[in-house]
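Hi,

Here is the model I promised to pass on, followed by some notes on what turned up in it. Have a look at it first, then read on.

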Amino acid sequence: LILVIALSMGATPLFIRLGRFAIDIAERHSGFDSSTLLGARLEAENHVVIVGLGEVGEIVLRLLSAHEIPYVALDLDPQRVKEMRAKGLNVYYGNGSDADVLKGVRAEQSRAIVVATRALGVAEAAAAVRRHAFPDTKLFARSSSEQNAVDLHRLGVTAVISEKTDTGLQLAGEVLDTMERP
């Protein structure tokens, strides 16, 4: 057992170097542009920070743009970031639940943070970061269930949109609108 531990400790630096080398090769072959990485603080204020650029995040981005509200969007998919930046959108590669990344996009100077991803733990982590680093910033999030929505409210999220409840209410509303009532 001691031999296994010693070998794994000795091999760790080698695996770290190999990992960095593999990442460099992957970035060169994928055409990833490292300028999409958020390396320095942006000059932004009175903006909205969007975390996650799936379908929901993209809808938020488009509506904010249509209303001329400044935004900074973060996503962990380098290809998506590259495509959106090519369209002139203010999108960066970064983890929106990381305190340093949120500070880099000046979340403390923003109007709000919108967690549009349903990735597990992101909204909870963003809530914890906001509570400690910039408690006056509003935080909006989506949830996958009613229990998740309750948990996010307890963590201080300003408003939570439950996917299932919202969809159910919209569907029921549409049905009721088509029904004749006595």
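In which helix do R62 and E58 both lie, and how many residues apart are they? Both are in helix 2 (residues 55–66), four residues apart, which is about one turn of the helix. An α-helix has 3.6 residues a turn, so residues three or four places apart point the same way.

Before the rest, some housekeeping. This is a predicted model, where local features need pLDDT of at least 70 and side-chain atom pairs count only at pLDDT 80 or more, while totals for chains, interfaces and linings use all residues. Residues are numbered from 1 along each chain as its sequence is written, and side-chain values use heavy atoms, with hydrogens and water left out.

The chain has seven helices and six strands (DSSP runs numbered from the N terminus: H or I of at least four residues for helices, E of at least two for strands). Along the sequence they follow the pattern α-β-α-β-α-β-α-β-α-β-α-β-α. Of the 182 residues, 32% count as buried (under 20% relative accessible area; exposed is over 50% and partly exposed is in between, with a 1.4 Å probe and protein chains only). Among contacts with a separation of 6 or more, 57% are between residues 24 or more positions apart (contact means heavy atoms within 4.5 Å). The chain exposes about 11,600 Å², and carbon and sulfur atoms supply 59% of that (Shrake-Rupley method, 1.4 Å probe; for residues, only the protein chains shown count as cover).

Now the charged pairs. The count comes to five salt bridges (a side-chain nitrogen of Lys or Arg within 4 Å of a carboxyl oxygen of Asp or Glu). R62 and E58 meet in one of them, at 2.6 Å from N to O. R80 and E58 meet in another, at 3.0 Å from N to O.

R142 counts as buried at 15% relative accessibility, whereas E163 is partly exposed at 22%.

Next, helix 6 (residues 146–154). Its buried residues are N148, A149 and L152. Seen down the helix axis, they fall within an arc of 100 degrees, so they line one face of helix 6 (the arc is that of the directions from the helix axis to the C-beta atoms). They pack against helix 5 (122–133), strand 5 (138–143) and strand 6 (159–162). Just after helix 6, G156 takes a positive phi of about 95 degrees.

Last, the rings. R85 lies over the face of Y92, 4.7 Å from the ring centre (the rule asks for NZ of Lys or CZ of Arg within 6 Å of the ring centre and within 35 degrees of the ring normal).

Cheers
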